[in-house]
Structure formats: structure tokens, C-alpha cells
Amino acid sequence: MAQQFNQYHKNTLFSLLLMAILGTSCSKDENKISDYDNNKINLVIADNFNLSAFSAALKRSGLDKTLQEGAGPYTALVPSDAAFSLSGYANAVSVLTANPTIISRIAQYHTLDGKYELNKLPYLFNQELRSRGGKLYATHWIKGTDTVLTLNGSRIISQNIPASNGLIQVLNRVLSPYLHDLLGDAVSAEPSITLFTQALKSSGLLETINGAGPYTIFAPSNQAMQAMGYASVEQINNTDVEVLKRLVNYHIVKDRRFIYDYILSTGSSNTSRQAMLDGNSVTMTLTPDSSVPGSFNGITLRGIGNTTAVKLVKQDILAGNGVLHIIDGALRITQQETLSN
């Protein structure tokens, strides 16, 4: 009988000990669950189905771990899925299967260390910020009844979304990290403007645009230069330097100007004048956005001597000391201005 009692006592103690262990284990698991922060920046982005492409970019680059484990604060500049689609990434899968170096550069360029409430910036154009991937330029401006925020000429469409370790700003375009510190190198890297690049070199103005700046260049395409009478690099080299200077100076602005800057700064006439490096002006005319009545999505240019509008071929190519745009026609000071004159 005593032996049965002792066995029963042992079994009871074992059961109590097991229950205590299990209870402690459950308590620890519950604490782990309750301590888990599901409001970190990367998780807030992952929970938003309109931001799936950038969430994939964070995973592809490994930056999601930094945003998950780091205390921050951070600011994530998140292009919408529609913005990624415009940049050639149809969905999250296309981001995950893209070149990892390119995706990593995009993710780094869109991530800032620190908490940036961009709506609290002064009302100024192109205020310099620094992300993990390089310099960015923020504009805070009032256009009509709207207060507009842009980064590198792209609009912020949703601002200051909170996370436990920072903020999220949603963009309507994917920002392109700049590859060149000097504008001259950015110009030289574009194969569609080799004739204008040679005009820059032969005129002696390459050194100017490689200075502190900032500068903005509206570079005519090779077809546009040929229409002006500059058929080859050799022909440009044989042209009088002063003639080339007049041509090139009329395509340079002594300022940093993204295309959306013109939309923001143009009044109710929808036209404005831009002073160029030579002192002459170019007329900028806003182009309507057919998808949004009453709004605008670009510009055309007209030099003093142009009889037709000059259109953009490529825009907002950022360099360390300026911005490059490519246009489909040369800006003319006189209607008869060609190489033969």
C-alpha cells in the first residue's frame, strides 16, 4: 500500500512539474508573440498590396532585414506598383527576377536614414537630401489650391505613413539613382546625343558644365543636330568655335530644373520663359494630361527662332551637379540659323 502511495506521489509530482514546464514554455511563446513588432517599415509596405513591387525590391536587396531589425528611424520613398510598371517592372515577380545589382541600387536610393516629414520643408525648389544611394532633391510648393511635394521631379502621392521605426512616402515614379557625379559624363554616356556631346567638347563648354553648377542641359538628339546641318563629328570639329558656343549656350540653364519644376512654377497662361546660359530665353509650354482634366504632365520648348514646338525625348536624367533632358529638335535663336550660316 505504501509502495502504491509513493508511486502515486511520484506521478503527481511529475505531472505538476511537466505542467509547470509547459506553462513556462507557453508563457515565453506568448511573450515572444506579444513582443513581435509587426509595424516596422518593411512589414507595413508588405501589407499594402499597392506597394508589392517595392516590397520585392527590399527582399531582393536584403534591405528588408535592415528595416526589420534596425531601430531607425528610417524614411522609405516607395514607388507605387503603377510607378514600377511604368519603369518596366510589371509586377513583384519581375522585380525578384531582375538584375540584383540594379534592384539593390534602387532600394538603397529610396531609403533614407532619419525621419523626413517632407511637408515640413521650406517652400523651395530642389532642396538636397541624401539617401543611402546618393543625393535627392525635394521640392515643397503651392500650385493653385494644392500643396505639392516632389522628389527629383516625381510627385509624392501619399505622405508620412507611420511605422514604428520611421515613415513611408509613396511616389508616382521610380527614382533613377544617378551614375555620374559630373553632368559632362552623363551627357557622354547617352548614345543618342553624340553629336551634341562633341559640340560641347569642341566649343570648350564641357569644362563649364563639369563645374560646381548646378546646370540643366536640354540636349538635341543626333537627328536634331543633323537637321541643323551638323551631319558628323568631323563636321562639328571643323566648325568655328564661336558658332558652336552660341549653339551650346542656348541649350544650357544655370540651375537644376526637373520637368515637373516647370509645371509647378508656370502660371495660369500655361507658358513661361526660361533664361538660358547665353542670356536669351526659351518659351516653355505645358502639355495637358489627357487622363486628368485640368492637369499637366510635361512641357514643350520653343526657341526664339523655332517655328514648331520642340518635344522631350527623355527627361530628368540626374547627375551629381545637374540634370539632363534630351529633346527632338535644336533650339534656334534665328529661323535661318543652320551650319551654313
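1. Helix 9 against helix 13. In this predicted model, Phe196, Ala199, Leu200, Ser202 and Ser203 of helix 9 meet Val241, Leu244, Lys245 and Val248 of helix 13. Contact means heavy atoms within 4.5 Å. By class, six of these residues are nonpolar, two polar and one charged. Nonpolar covers Ala, Val, Leu, Ile, Met, Phe, Trp, Tyr, Cys and Pro; charged covers Asp, Glu, Lys and Arg; the others, Gly among them, are polar.

2. Geometry of that pair. Helix 9 spans residues 194–203 and helix 13 spans residues 241–249. They pack at about 125°, with axes 9 Å apart. Axes are lines fitted to C-alpha atoms over the stretch in contact, and angles run from 0 to 180 degrees between N-to-C directions. The two helices are therefore oblique to each other. On this scale, under 35 degrees is roughly parallel, over 145 roughly antiparallel, 65 to 115 roughly perpendicular, and the rest oblique. The crossing is left-handed: the near helix is turned anticlockwise from the far one by less than a right angle.

3. Basis of the values. Residues are numbered from 1 along each chain as its sequence is written, and side-chain values use heavy atoms, with hydrogens and water left out. Local features need pLDDT of at least 70 and side-chain atom pairs count only at pLDDT 80 or more, while totals for chains, interfaces and linings use all residues.

4. Thr266. This residue is in the loop between helix 14 (259–265) and strand 10 (271–275). Thr266 is buried, at 3% relative accessible area. Buried means under 20%, exposed over 50%, and partly exposed in between (1.4 Å probe, protein chains only). Its side chain makes a polar contact of 3.3 Å with that of Ser272. Such a contact is a pair of N or O atoms within 3.5 Å; within protein, one must be able to donate a hydrogen and the other to accept it, and residues adjacent in sequence count only if both atoms are side-chain atoms. Leaving out residues up to four places away in sequence, Thr266 touches Lys143, Thr271, Ser272 and Leu286.

5. Helix 3 (residues 52–61). Ala53, Phe54, Ser55, Ala56, Ala57 and Leu58 are buried. The buried residues pack against several elements, including helix 2 (41–46), strand 1 (74–79) and helix 7 (100–109). Gly62 follows helix 3, with a positive phi near 85°.

6. Overall. The protein has 14 helices and 14 strands. Helices (H or I, at least four residues) and strands (E, at least two) are DSSP runs, numbered from the N terminus. Of its 341 residues, 44% count as buried.
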